[in-house]
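Q: I have a structure open and want to go through it bit by bit. Can you take my questions as they come?

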Amino acid sequence: MNDKVNVRMCFVCRKNILKEKMLRITKNENGVFIDKTFKAGGRGAYICSKDCFLKAVKTKRFNSLLKCNISEEFLNKLESEFDNA
Ligand SMILES: [Zn+2]
C-alpha cells in the first residue's frame, strides 16, 4: 500500500493533498489548460483551493511557473472550476 502515489503538493501553500481534490494546470505545446486526467504531458502545477488560486493570481505565480502569460479568460475559467467544486 502506498497512498503517497495519489498525493501532490499544492504549488501555492505547499501542502500535500490528494490529487483528486486538486486542479492540475498544465502547459504543453498546445498552450495552458486544466488537465482533468492528471496525465497530460508537459509542465504542470497543482492547486488545492480557490484561496490558493487567488493567491497565485495576485502574485503572478502562474506566469513564472508556467513561463508564459496566462490569459484573463483562462483564469476566469479556472476560478469557476473552483466554484463548481
Ligand atoms: Zn494550496
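Q: Where is Asp35 found?
A: Asp35 sits in the loop between strand E4 (31–34) and strand E5 (43–47). Helices (H or I, at least four residues) and strands (E, at least two) are DSSP runs, numbered from the N terminus.

Q: What should I know about the model and the numbering first?
A: This is a predicted model, where local features need pLDDT of at least 70 and side-chain atom pairs count only at pLDDT 80 or more, while totals for chains, interfaces and linings use all residues. Residues are numbered from 1 along each chain as its sequence is written, and side-chain values use heavy atoms, with hydrogens and water left out.

Q: Back to Asp35: buried or exposed?
A: Asp35 is buried, because its relative accessible area is 3%. Buried means under 20% relative accessible area, exposed over 50%, and partly exposed in between (1.4 Å probe, protein chains only).

Q: Which side chain does Asp35 join in a polar contact?
A: That of Arg24, at 2.6 Å. A polar contact is a pair of N or O atoms within 3.5 Å; within protein, one must be able to donate a hydrogen and the other to accept it, and residues adjacent in sequence count only if both atoms are side-chain atoms. A polar atom of the Asp35 side chain also lies 3.1 Å from the backbone nitrogen of Lys39.

Q: What else does Asp35 touch?
A: Not counting residues up to four places away in sequence, Asp35 touches Arg24, Thr26 and Ala40. Contact here means heavy atoms within 4.5 Å.

Q: And Gly44, what does that touch?
A: With residues up to four places away in sequence left out, Gly44 touches Arg24, Ile25 and Thr26. Gly44 is in strand E5 and counts as partly exposed because its relative accessibility is 35%.

Q: New topic. What coordinates the zinc ion?
A: Cys10, Cys13, Cys48 and Cys52 do, each through SG, at 2.2 to 2.3 Å. Donors are N, O and S atoms within 2.8 Å of the metal (3.2 Å for Na, K and Ca); water is not among the atoms, so sites may look incomplete.

Q: Why is the arrangement around the zinc ion tetrahedral?
A: Because the four donor atoms subtend angles of 105 to 115°. Four donors count as tetrahedral if all angles lie between 85 and 135 degrees.

Q: What spacing do the donors follow along the chain?
A: The donors of the zinc ion follow C-x2-C-x34-C-x3-C.

Q: Are those cysteines buried or exposed?
A: Cys10 is buried at 0% relative accessibility, and Cys48 is buried at 19%. Cys13 is partly exposed, at 27%.

Q: How many residues has the largest nonpolar core?
A: It has 22, and those with the most contacts inside it are Phe11, Ile25, Ile47, Phe53, Phe62 and Leu78. Strand E3 (23–28), E5, helix H1 (50–58), helix H2 (61–66) and helix H3 (72–84) each supply at least two residues of this core. H3 gives the most, with four. A nonpolar core is a set of buried Ala, Val, Leu, Ile, Met, Phe, Trp, Tyr and Cys residues joined through side-chain atoms within 4.5 Å.

Q: Last one: where does Lys15 lie?
A: Lys15 lies in the loop between strand E1 (7–9) and strand E2 (16–18). Lys15 counts as exposed because its relative accessibility is 53%.

Technical notes:
Tetrahedral: all angles 85-135°; square planar, octahedral: opposite > 155°, others 65-115°.
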